[in-house]
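User: I'd like to learn how to read features from a model. Please take them one at a time.

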Amino acid sequence: MEEDGDWVLVRRATDKDLWNPSSGDGGESSKPLKVTFSGPAEYWTDAIPIGNGRLGAMVWGGVASEILQLNEDTLWTGTPGNYTNPKAPEALAEVRKLVDNGRYAEATEAAVKLTDSPSQVYQLLGDIKLEFDDSHLKYAKETYRRELDLDTATARVSYSVGDVKYTREHFASNPNQVIVTKISGSKPGSCPGKRIAPKVMVNDNPKGIQFTAVLDLQISDGRGIVQSLDDKKLKVEGCDWAVLLLVASSSFDGPFTKPSDSKKDPTSESLNALKSIQNLSYSDLYARHLDDYQSLFHRVSLQLSKSSKNILADSSLKRENHAPGKLSEDDTVSTAERIKSFQTDEDPALVELLFQFGRYLLISCSRPGTQAANLQGIWNKDVEPPWDCAPHLNINLQMNYWPSLPCNLHECQEPLFDYISSFSVNGSETAKVNYEANGWVVHQVSDIWAKTSPDFGQAVWAVWPMGGAWTCTHLWEHYTYTMDKDFLKNKAYPLLEGCVSFLLDWLIQGPGGYLETNPSTSPEHMFTAPDGKPASVSYSTTMDMSIIKEVFSEIVLAAEILGRSEDALIKKVLEAQPKLVPTRIARDGSILEWAQDFEDPDMHHRHVSHLFGLYPGHAITVEKTPDLCKAADYTLYKRGVEGPGWSTTWKIALWARLRNSEQAYRMVKHLFDLVNPAH
């Protein structure tokens with residue numbers, strides 16, 4: 001308001017206005033949010049991922065020959081399946097009897113009868129191969145730079161050949177649903193390009209998902225020639241720049257529609273998508289991409305500083321070495337080198353980069369209207385990928401979405417909720433036929449067809465009907481962050497009702513008066529039975545009970561908010577809650593993993609499932625259960641730092657929930673050690 005009393009309209013600050021990643025306390029500068037490389041990728045895991053939620057690519061950054069490996073999130077093998085087993089009730093009765101009699105090894109063997117077929121497999125879309133003339137073999141290696149700019153979601157490759165600087169830019173646009181590549185030189189040059197047809201598994205019976213990819217090529221006006229060679233290559237000569245536009249579509253029409261019944265025409269959809277953007281310049285496409293991406297990415301900034309102890313010990317941290325405007329060492333030091341040095345130089349900017357890289361990946365692989373992030377997000381180079389790229393519900397699918405709420409990306413979680421809705425449809429049949437239960441159930445692994453039956457293989461991973469219950473905790477968590485009552489009423493509560501209905505029927509009265517689960521496994525972890533035999537099937541594992549307690553607590557709270565506390569289902573939950581097996585402490589002071597204090601042949605196992613109640617659950621807290629927190633603390637020490645990166649990430653979260661920042665930071669160091677290129 002001005003002094004004369006007139007109102008002045010002031011534009012509301014946007015996330016972009018507030019975003020300031022390079023300013024910190026005391027005026028110290030932060031390093032750019034760029035993942036940098038000093039050379040082309042040698043392995044697929046070294047390539048740069050780009051994605052718009054549906055389309056993805058891996059950029060290798062080769063000089064004379066470049067590959068962009070392409071993915072589209074609906075390209076899966078298979079068709080909708082029958083996820084029921086009429087023989088399961090008989091097998092279930094057999095397994096339960098063996099468990100009740102303490103014959104755990106035999107129960108483990110018999111539980112294989114409860115398993116089903118494997119999940120379907122995520123496929124690749126194809127490759128774009130770019131070949132450059134022989135002069136590029138003589139590029140100056142010291143000029144090479146490959147980077148992923150997290151602030152703009154753009155992959156860049158640059159190098160010089162003589163006095164010509166070549167630059168390539170790659171991004172995946174969500175608003176225009178296209179992967180864009182621009183190749184340019186500071187002087188005219190040549191750029192042959194090749195589109196390799198995707199390699200797919202041929203299966204004429206039944207008809208699988210059909211797909212189409214269309215590649216468009218644009219070159220600088222008035223300069224350059226494009227030739228077709230043998231109908232397999234496009235040769236470009238003499239232009240200043242070239243832009244490649246890749247669009248793709250499939251006939252997938254939801255998890256309940258057979259590909260043979262689909263009315264979608266992927267060729268027409270792809271051509272229409274390309275037609276809609278052909279009049280847009282590269283600058284137009286890039287501007288739209290930035291506006292869309294940064295509206296999400298710019299919601300959170302993070303700045304960390306070293307402790308005063310480390311600052312005193314490290315003269316390189318003096319303020320003059322980090323003065324604003326000073327050339328960043330990231331112009332010469334690759335991210336790989338920063339990771340190597342992290343064990344001795346605890347660079348907080350590298351931790352910031354890791355945090356923002358996680359947000360970048362979620363934005364890039366999960367958007368409203370896409371498929372839920374699979375085991376590798378959206379990126380895959382194989383016809384037979386590791387673990388089929390299938391969503392695993394005993395930690396991996398949920399972990400993909402842990403950043404969505406605390407990192408202010410709640411929209412990115414929408415594909416997960418759509419997926420859970422599909423689970424509830426197929427899972428109701430699995431619950432009814434396999435377990436003669438109400439509600440719906442999902443097991444350890446699924447696919448694009450929302451498979452809900454147990455996986456194929458050993459009971460240690462396949463016999464685990466808690467996948468649906470764990471994913472349902474994301475529904476309540478979404479409400480606690482957004483306070484969206486319509487979402488709670490119309491989306492979350494109906495799904496929670498079905499999940500809880502199954503859990504109430506799954507619980508059985510045990511000899512000690514407790515409600516128990518039988519059969520029960522602790523995901524992927526064996527134990528040694530009292531008779532000395534290896535086994536995995538017993539009853540009431542700590543993870544089972546922790547998940548059930550969490551879901552029961554959530555539906556009771558949801559019912560209070562929605563005025564449904566008098567519902568019959570809620571009364572059953574309230575009656576069951578005090579009868580659930582409590583979390584117990586083992587003889588050695590750790591959290592008991594199974595219902596009995598079985599011998600653990602692998603105390604450093606990668607899973608820490610029995611700590612679910614601490615995180616992501618809320619039953620174990622410093623304030624209310626200090627004894628259990630002490631036991632959880634020892635459990636983490638006992639487990640050690642061994643394990644893959646996802647396991648380390650879970651342990652970081654557990655240490656943080658215990659408010660042990662020192663141990664959490666030790667695990668961060670171990671995480672960087674795991675991705676150290678020297679390994």
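**Reading burial, cores and pairing**

Analyst: Serine 424 is buried, at a relative accessible area of 19%. Buried means under 20% relative accessible area, exposed over 50%, and partly exposed in between (1.4 Å probe, protein chains only). This is a predicted model: local features need pLDDT of at least 70, side-chain atom pairs count only at pLDDT 80 or more, and totals for chains, interfaces and linings use all residues. Residues are numbered from 1 along each chain as its sequence is written, and side-chain values use heavy atoms, with hydrogens and water left out.

User: Where is serine 424 placed, and which residues is serine 424 in contact with, leaving aside neighbours within four places in sequence?

Analyst: Helices (H or I, at least four residues) and strands (E, at least two) are DSSP runs, numbered from the N terminus. Serine 424 sits in helix α10, residues 414-435. Contact means heavy atoms within 4.5 Å. Beyond four places in sequence, serine 424 contacts Trp440 and Leu495.

User: Which residues touch the most other members in the largest nonpolar core?

Analyst: A nonpolar core is a set of buried Ala, Val, Leu, Ile, Met, Phe, Trp, Tyr and Cys residues joined through side-chain atoms within 4.5 Å. Here the largest has 167 residues, and Trp470, Leu503, Ile547, Phe552, Ile555 and Trp650 touch the most other members. Helix α13 (residues 485-506) gives the largest share of this core, twelve residues. Apart from this core lies another, of 14 residues, including Val180 and Ile277.

User: How many residues of helix α14 are buried?

Analyst: The count is 17 of 21. The expected span of a helix is 1.5 Å times one less than its number of residues. Helix α14 (residues 542-562) reaches 30 Å from its first C-alpha to its last, close to the 30 Å expected. Glycine 563 follows α14, with a positive phi near 70°.

User: In which sense do strands β7 and β8 pair?

Analyst: Two strands pair if DSSP finds at least two bridges between them. β7 (residues 154-161) and β8 pair in the antiparallel sense, over seven bridges. Eight of the ten residues of β8 (residues 164-173) are buried, so β8 is largely enclosed by the rest of the structure.

User: How many disulfides does the structure hold?

Analyst: A disulfide is a pair of cysteine sulfur atoms within 2.5 Å. The structure holds zero. Cysteine 472 has its nearest cysteine sulfur, that of cysteine 499, 4.0 Å away. Cysteine 472 is buried at 0% relative accessible area, and cysteine 499 is buried at 3%.
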